[in-house]
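Please look over the model shown here before reading the points that follow.

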Amino acid sequence: MDRTTGCESNCSKLLIKAADISEALLPTLSHQDIRDLFPGPEHFLRRKATWKLFHKEQEVQQAASPNQENGSNGRGLATVQVNPCVSETPRPSNPTPPQPDVQEILDPPRTCSYPTLSMLFILTVMDELRCILDRSNPDFISDLKTSWESFYGKAQFYGVFKKLLGPSTTQDKVTRSIAMMKALPEMFPSPVAPPKNLGHASEAMVHILEPTENPNTYLQRRPVFSPVLIICDSSCMLPIGSTPVITFPKENIDTAVLYLLAYYYTFHLTYSKCIATLLSVLQSEVQQDAIHDSYATSSYKKALSEWKKFIGE
């Protein structure tokens, strides 16, 4: 598959996710369903890439079943063969699968275990970011992680210099990462204060779920729509608005900022005003995506100048 087709497939997965189509419904999508999702001649290649993606995945699943004639998957379990080319049974034109309650996602146990293709969507959104920023670079994601690690290391000293962070020699990776995300908005402050019921500007970026806190209530009352990292006992969840999108293990929290940036890009979301300066700095310094002078605010220029002076550039 060439890079253009790959980007079409990735974008299609994101739009299907946004349309609330669950994993169970993917093999049942007909040609007409895909036309409804992506109407118009300008989306011909996207429809074709989407159909090939689902059809290929089904063929792989069928090939993995050695006893298809008798409906067995080789381990004594019956399998149901679905032909995505046939859609004879009438279905609602806009199927709405039931969405899991956020409290059910978190309990029991109290972890962010979202029963969907979370890791697949992480890979998809990161590859979509590659398509947007540097599609010709097959090592983009690796380079991006290296860039973030370099920025993170310098930001630790910058935070200590600004008296926002303490020595990290005795802290584990998760504790250091949380402290960094809470301090970043003050390292690169925005002139716009956060909404009163949000509290600290870092809450626009990360929130630690308290033991007695109801996640449904928190997401419903949250005054900003932007992506946020919710940290639970052993996992992390990233919702947009009140909808959980992905989950990942807590030990991967050191790359969570990259996931946040990726979702801002792929869903074309506007930066939250109270952390806009920080996100702009991360855009230019970590993602290496230069900001045009016409969009460079005075707070961004000041923050970037102070940062460059500190690191000696």
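The notes below start with the basis of the values and then go through the features in turn.

1. This is a predicted model, in which local features need pLDDT of at least 70 and side-chain atom pairs count only at pLDDT 80 or more, while totals for chains, interfaces and linings use all residues. Residues are numbered from 1 along each chain as its sequence is written, and side-chain values use heavy atoms, with hydrogens and water left out.

2. Helix H9 (residues 256-266) packs against helix H10 (residues 276-285) at an angle of about 95°, the axes being 11 Å apart. That makes H9 roughly perpendicular to H10 (65 to 115 degrees). Axes are lines fitted to C-alpha atoms over the stretch in contact, and angles run from 0 to 180 degrees between N-to-C directions. On the H9 side the contact (heavy atoms within 4.5 Å) is made by Val257, Leu261, Tyr264 and Tyr265, and on the H10 side by Leu279, Leu282 and Gln283. Helices are DSSP runs (H or I, at least four residues), numbered from the N terminus.

3. H10 is mostly covered, with nine of its ten residues buried. Buried means under 20% relative accessible area, exposed over 50%, and partly exposed in between, with a 1.4 Å probe and protein chains only. The cover over the buried residues of H10 includes H6, H7 (173-187), H9 and H11 (298-311).

4. The structure holds four salt bridges, each a side-chain nitrogen of Lys or Arg within 4 Å of a carboxyl oxygen of Asp or Glu. In one of them, Asp127 pairs with Arg130, with the closest N and O atoms 2.7 Å apart. The two residues are three apart in helix H5 (residues 118-134), about one helical turn, and both are buried.

5. Glu306 forms a salt bridge with Lys162, the closest N and O atoms being 3.5 Å apart. Glu306 lies in H11 and Lys162 in the loop between H6 and H7, so the pair ties together parts 144 residues apart in sequence. Glu306 is partly exposed at 33% relative accessible area, and Lys162 is partly exposed at 27%.

6. Glu285, Lys308 and Glu313 are linked in a network of salt bridges. Glu285 is one of the buried residues of H10. Between Lys308 and Glu313 the closest N and O atoms are 3.0 Å apart; Lys308 is partly exposed at 24%, whereas Glu313 is exposed at 59%.

7. Phe157, Phe161 and Phe310 form a nonpolar surface patch, with about 360 Å² of accessible area together. Patches of this kind join nonpolar side chains (Val, Leu, Ile, Met, Phe, Trp, Tyr) within 5 Å, and like charges within 9 Å, from residues with over 30% relative accessible area and no salt bridge. Areas come from the Shrake-Rupley method with a 1.4 Å probe, and for residues only the protein chains shown count as cover. Phe161, in helix H6 (residues 140-161), is exposed at 57%.

Note on methods. Angles under 35 degrees count as roughly parallel, over 145 as roughly antiparallel, 65 to 115 as roughly perpendicular and the rest as oblique.
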